[in-house]
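Q: Please take me through the terms used for the model below, and set each value against its definition.

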Amino acid sequence: MAIPPPAPRAGADLDTDVLIVGAGPTGLTLAADLARRGVDARLVERADALFPGSRGKGLQPRTLEVLEDLGVLAEIRAVAGRYPANLFWRDGEPQRTSRMYDETAEPSEAEPYPVTLMLPQWRTQQALHRRLCELGGAVEFDRELVALRQDADTVTARFADGTALRARYLVACDGGRSTVRRLAGVEMSGETVDPDLMMVADVTVTGLDRDHWHVFPSADASSADAVPGAGLLALCPLPGGEQFQLVAQFAEGTQLDLTLDGIRRLVARRSHLGRESVVAVGWASEFRPRAALAERFRTGRVLLAGDAAHVHSPAGAQGLNTSIQDAYNLGWKLGSVLADAAADSLLDTYEEERRPNAARMLELSTRVHRGEARRGRATQQLDLGYRESSLAAETRADLDPQALRAGDRAPDGRHGGVRLFDAFAGPQWTLLTVGPLGLSADEALGGADVRRIRIPSYQAYGDGVFLVRPDGYVGWAGATGQGLSEYAARVGLSGH
């Protein structure tokens, strides 16, 4: 589908329709999605450049599907890699290996990307940024938000340089210490997942192969099978370059030295490598694993997304992925409201759908961190959906428990000369008829915002009629098209 030309709606009293604060993965995803919808949006970032570190390096299968729709998957897969096996060391000798993820899964017709990939966060952001620029967008750097005010119609954001921007909506994508969340008065509650302090850094290291994630357990561990704790050092080779991601765990109260000399001493103390093995440090930071959830994701014309709304332990690679899903859910809803196709109340379904999912992912990542759950099907996010959402309309009765339902992720597949993900791609809805059933003229939905396709019977769906949302979830499902027009009117599809 051709990208719609920008259609500025902001009047003389407005600078933009949507102001996005924070150019991390969440903000870049949202900005790119809005740009392809022709929404007038501006993306501002406090720093003078994109985040330079590897921090959120795991890309789950569902996120890969989103990135394909956004047009960046080919670039990402060209440099991403699979998670290497963990190699545990003791006294300078390799002990055993284990795998973090199941690497035996094969692509299927319904799920084309079954394996979690690894890519440094900065590379994912780089791909999204390039895509945003291709779509006519940009990042405004050195814009530090210091105040905001909203009324019934607008949000005004003020910056440290004395300038201000007025928008219809503001989306906070500015991380776990979100300035927007604080200024909007939204509380966040949670727990410390682990009292130990963590260091993460991108380092260039010699003396280790790049085929393994090298793990040096705590010196006081009784065996190579012991659960690593304070004293752990791990070095993971990052794809697409020479760097390793270093992760180290420290007892509470430790003062960390993030300099090159400090990291050299750390590596020499906890491994068989010498100080000289650490050639360079590209980026380093410290954090304490915690899980926290904002009490709400919307307050008036301010919406929270990504780490501004939920903070995860890095275990299980859920933070970045959940954040990208937030943006993907919110983008089409903002587009519909700003095009006057749907009422402002459609934005309430963002919190309705995403906050429960974020809560589930927070619980999962915490359990993985504590060794109470394994990485697997649940961490892939392919089974997350919105069956309980007010936007899910399932009109069929007596369904098999395993049947696809309204609110579920719409599977991929190739039938009748059509690849479904190609049909779903873009900012429109898709009306999918599966099997021999035909739709009457009244049921077939008009309007440029609906793509209509028909395929032969396909087990992943079962025969019927499915209206697939712009974010790839089934909004409406029926044995026939009866009642479809009423649903289309409710969600703001053109002509209804």
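Predicted model: local features only at pLDDT ≥ 70, side-chain atom pairs only at ≥ 80, totals over all residues.

**Terms and their grounds**

Q: What makes β3 and strand β7 (residues 117-118) a pair, and in which sense do they run?
A: Two strands pair if DSSP finds at least two bridges between them, and β3 and β7 are joined by two bridges in the antiparallel sense, so they qualify as a pair under that definition. Within this pairing, M118 of β7 is the residue opposite G58. Residues are numbered from 1 along each chain as its sequence is written, and side-chain values use heavy atoms, with hydrogens and water left out.

Q: Why are β3 (58-59) and β4 (81-82) called edge strands?
A: The open sheet of three strands has the order β3-β7-β4, with antiparallel pairing, and β3 and β4 each pair on one side only. The term strand itself refers to a DSSP run of E with at least two residues, just as a helix is a run of H or I with at least four, both numbered from the N terminus. By that count the protein chain has ten helices and 28 strands.

Q: What makes the protein chain as compact as a globular protein of its length?
A: The radius of gyration is taken over C-alpha atoms and compared with the globule rule, 2.2 Å times the number of residues to the power 0.38. For 496 residues the rule gives 23 Å, and the radius of gyration of the protein chain is close to this at 24 Å, which is why the chain is called as compact as a globular protein of that length. Its C-alpha trace spans about 75 × 55 × 35 Å along the principal axes.

Q: Why is one side of β22 (393-394) and of β26 (450-455) left without a neighbour in the sheet?
A: The open sheet of five strands has the order β22-β28-β27-β25-β26, with mixed pairing. β22 and β26 stand at its edges with a single partner strand each, so one side of each has no neighbour in the sheet. β22 runs parallel to strand β28 (residues 474-478), to which two bridges join it, and here E394 faces A477 of β28.

Q: What makes strand β25 (residues 429-434) largely enclosed by the rest of the structure?
A: A residue is buried when its relative accessible area is under 20% and exposed when it is over 50%, with partly exposed in between, using a 1.4 Å probe and protein chains only. Six of the six residues of β25 are buried, so the strand is largely enclosed. In a regular strand the side chains alternate between the two faces of the sheet. In β25, W429, L431 and T433 are buried on one side, and T430, L432 and V434 on the other. β25 runs parallel to β26 over six bridges, with R454 as the bridge partner of T433, and antiparallel to strand β27 (residues 464-468) over five bridges, with G464 as the bridge partner of V434.

Q: What makes helix α2 (residues 61-70) mostly covered?
A: Nine of the ten residues of α2 are buried, including P61, R62, T63 and D69. After α2 comes G71, whose phi is positive, near 90°.

Q: Why does Q325 count as buried, and which residues does Q325 contact beyond its sequence neighbours?
A: The relative accessible area of Q325 is 3%, so this residue is buried; Q325 lies in helix α7 (residues 319-338). Contact means heavy atoms within 4.5 Å, and, leaving aside neighbours within four places in sequence, Q325 is in contact with R62, T63, V66, R354, Q381 and Y473.

Q: Why do D340 and D398 count as exposed?
A: D340 has 61% relative accessibility and is therefore exposed, and D398, at 82%, is exposed as well. D340 lies in the loop between α7 and α8 (348-369) and has a positive phi of about 65° although it is not a glycine. D398, in the loop between β22 and β23 (414-415), is not a glycine either, yet has a positive phi of about 55°.
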